[in-house]
Amino acid sequence: RLEAALPRLGQTSVVDLLAAVGRGETYAADVVKAVYPDYQDERVAPERPASTEGWFDVKGGEGMKFRVPGEASDGRSLPIRGLKGDLPVRFAPAGGAVPGDRIVGILTPGEGITIYPIHSPALTAFDNDERWLDVRWDIDEDNPERFPARISISSINEPGSLATIAQIIGENDGNIDNVQMLRRATDFHEMTIDLEVWDLKHLNRIINHLRRSSVVSNAVRVNG
């Protein structure tokens, strides 16, 4: 069962998957949901029709399929308009989601749909809410797109440490969008870095290389 679920979890082997769980990069609950896709927790609204899927064919919505609750099933796909239509799509702040994450959408009247990774702490604000949407990635491999992610880094306070961090990210094909210093001390710095990455594997590779650096004491993903 674990082997069959590996593609949905962004891993290539059971050993790699268990290691990712041990490092805290993959949540055990996400593994359970991938192995048992029919499992529903209390936050998922019941009786969502399986046949009402549609596409957002715009930047920020490309590569995802949405199932909308409460729509009558007519056997056809349900087109949902994007940024220029009735339901704009955006990613949650503070990290958003990247391909490989299990994701959900929250529908806000007048604002559209906000995409969150399933383990985002921000989703606790929507417990017992009927605005949840089932969302899944369907990425066009011929049209790759970068997605926003945020990481938190504790680094040694010494000359060149920030340059070393930027070099590691650049050598691993990451794109830095913003750097924010949160705390400065005599011997260390704490910062957040907003990145653009291709998918969850890409993000995890960057984090792993940062953790191996002599100037980095810790590097973790920030989930919005």
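1. Ile176 sits in strand E8; helices (H or I, at least four residues) and strands (E, at least two) are DSSP runs, numbered from the N terminus. At 31% relative accessibility, Ile176 is partly exposed. The cut-offs are under 20% relative accessible area for buried, over 50% for exposed, and partly exposed in between (1.4 Å probe, protein chains only).

2. This is a predicted model, in which local features need pLDDT of at least 70 and side-chain atom pairs count only at pLDDT 80 or more, while totals for chains, interfaces and linings use all residues. Residues are numbered from 1 along each chain as its sequence is written, and side-chain values use heavy atoms, with hydrogens and water left out.

3. Check Asp173. Its phi is positive, about 65°, although Asp173 is not a glycine. Most residues other than glycine have a negative phi. Asp173 belongs to the loop between helix H4 (161-171) and strand E8 (175-184). Its relative accessible area is 36%, so Asp173 is partly exposed.

4. His209 lies in helix H5 (residues 200-211) and is partly exposed at 31% relative accessibility. Leaving aside residues up to four places away in sequence, His209 touches Ile168 and Asn172 (contact: heavy atoms within 4.5 Å). His209 and Ile168 are 41 residues apart in sequence, yet 7.0 Å apart C-alpha to C-alpha. The side chains of His209 and Arg212 make a polar contact of 3.2 Å (N or O atoms within 3.5 Å; within protein, one must be able to donate a hydrogen and the other to accept it, and residues adjacent in sequence count only if both atoms are side-chain atoms).

5. There are two aromatic pairs (Phe, Tyr and Trp rings, the six-membered one for Trp, with centres within 6.5 Å; planes under 30 degrees apart are stacked, over 60 edge-to-face, the rest tilted). Phe91 and Phe147 are edge-to-face, 5.7 Å centre to centre with 85° between the planes. Phe91 is in strand E3 (residues 89-91) and Phe147 in strand E7 (residues 147-156), so the pair ties together parts 56 residues apart in sequence. Both Phe91 and Phe147 are buried.

6. Tyr116 and Phe126 form a tilted pair: 6.0 Å centre to centre, 55° between the planes. Both Tyr116 and Phe126 are buried.
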